[in-house]
Amino acid sequence: MNFVVGHNRDRDSYQVPAALAEVSVLDTFVTDYYEGRGFSVPTLSHRRTPLIEPSRVRQSFGAFAAQLPYEVKRRISRSVDFPTVLVEARLGATIARVAAQKPEADLLLYSGSALQAFQGPSTGRRILFQYHVSPQFIVDTLSSVDELAGTRPWQREAEVLDPSMQRLHEEEVRLADSAICASTFTKNGLIRQGMGGEDITVAPYGGPPRGPHDRRSRARGEMFILVRGTGGCPQGFAYPH
């Protein structure tokens with residue numbers, strides 16, 4: 001059981017591929033840039049972890065190059081949009097090539113760049129790491145909250161502005177054998193998209209273990225949601241239980 005893992009940038013501080021590398025089941029990690037693998041960019045020297053040897057990494061030069069104009073423009077204007085579709089497509093193409101060379105490896109791929117590999121000849125498991133909830137599921141959920149009636153509209157998500165992105169995510173879900181996500185809320189969104197609940201594993205990650213005094217004595221049913229960033233739908237909504 002060896003895995004091909006793929007995601008852009010240093011997402012989640014490489015926790016997913018690093019965890020697999022720590023137990024010696026990471027075959028290849030595909031990303032846009034990884035320090036110590038090929039050319040070096042001084043401003044990106046943090047893009048590595050001691051748990052993943054550079055020899056295990058395959059870089060996507062196409063995905064890296066697609067982000068360069070954005071990095072230049074955002075230093076001039078903060079309103080520049082990240083080229084998500086182009087970057088994920090190029091990263092996905094590299095992942096698909098690696099998967100085709102290792103057809104027996106299991107695929108554990110982040111949503112957005114998994115489709116091309118899932119459509120390939122791999123005989124291993126196709127596992128989707130769903131890190132964001134479907135924007136439409138969030139909108140439907142928020143519309144049922146009476147206290148939010150009349151508030152300003154949420155920032156429109158990229159999937160709303162470009163419906164082809166939503167169709168891509170739906171196809172990833174359809175082709176995946178199973179999925180991993182960080183919350184029951186994200187799981188419910190996957191179920192809404194047609195995946196069976198028994199095929200979805202909820203695995204919260206990234207926080208310290210609970211101590212004996214972490215529980216709060218609030219009344220059942222009360223929940224506080226922290227929304228951060230620009231007010232986009234997924235911000236703060238990926239992790240509540």
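S24 counts as exposed, at 60% relative accessibility. S24 sits in the loop between helix 1 and strand 2, and its phi is near 60°, a positive value in a residue other than glycine. Keep in mind that this is a predicted model. Overall, the protein has eight helices and seven strands, and 40% of its 241 residues count as buried.

**The other positive phi**

- R9 also has a positive phi in a residue other than glycine, near 55°.
- You'll find R9 in the loop between strand 1 and helix 1.
- R9 is partly exposed, because its relative accessible area of 24% falls between the 20% and 50% cut-offs.

**The whole chain**

- The accessible surface of the protein comes to about 13700 Å².
- Carbon and sulfur atoms own 53% of that surface.
- Take the contacts in the protein with a separation of 6 or more: 56% of them come from residues 24 or more positions apart.

- D32 belongs to the loop between strand 2 (26-31) and strand 3 (57-59).
- With a relative accessible area of 1%, D32 is buried, since anything under 20% gets that label.
- Leaving out residues up to four places away in sequence, D32 touches H7, N8, R9, R47, Q59, S60, A63, F64, Q67 and L91.
- Two of those neighbours also have polar contacts with D32, side chain to side chain: R47 at 3.5 Å and Q67 at 3.1 Å.
- Along the sequence, D32 and Q67 are 35 residues apart, while their C-alpha atoms are 9.3 Å apart in space.

- N8 lies in the loop between strand 1 (3-6) and helix 1 (15-22).
- N8 counts as buried, at 11% relative accessibility.
- The side chain of N8 makes a polar contact with the side chain of Q67, at 3.3 Å.

**T94 in helix 3**

- T94 has its place in helix 3, which covers residues 84-101.
- A relative accessible area of 3% makes T94 buried.
- Residues up to four places away in sequence aside, T94 touches V30, R58, Q59 and S60.

**How helix 5 meets helix 8**

- Helix 5 (residues 135-143) packs against helix 8 (residues 184-192) at an angle of about 110°, and their axes are 9 Å apart.
- That angle makes helix 5 roughly perpendicular to helix 8, because the label covers 65 to 115 degrees.
- On the helix 5 side, the residues in contact are F137, I138, D140 and T141.
- Helix 8 brings F185, N188, G189 and R192 to the contact.
- By type, the residues of this contact split into three nonpolar, three polar and two charged.

- G124 is in the loop between helix 4 (115-118) and strand 5 (126-129).
- At 10% relative accessibility, G124 counts as buried.
- Once its neighbours within four places in sequence are set aside, G124 is in contact with P103, E104, A105, D106 and D177.

**S164 in helix 7**

- S164 has its place in helix 7, residues 163-175.
- S164 counts as partly exposed, at 33% relative accessibility.
- S164 and V85 are 79 residues apart along the chain, and their C-alpha atoms are separated by 9.2 Å.

Methods
Residues numbered from 1 in each chain as written. Predicted model: local features only at pLDDT ≥ 70, side-chain atom pairs only at ≥ 80, totals over all residues. Heavy atoms only, no water. Axes fitted to C-alpha atoms, helices over the stretch in contact; angles between N-to-C directions. Helix = DSSP H or I, 4+ residues; strand = E, 2+ residues; numbered from the N terminus. Parallel < 35°, antiparallel > 145°, perpendicular 65-115°, else oblique. Contact = heavy atoms within 4.5 Å. Nonpolar A, V, L, I, M, F, W, Y, C, P; charged D, E, K, R; others polar. Buried < 20%, exposed > 50% of the residue type's maximum accessible area, 1.4 Å probe, protein only. Polar contact = N/O pair within 3.5 Å; in protein donor to acceptor, adjacent residues only side chain to side chain. Areas by Shrake-Rupley, 256 points an atom, 1.4 Å probe, with all protein chains shown as cover.
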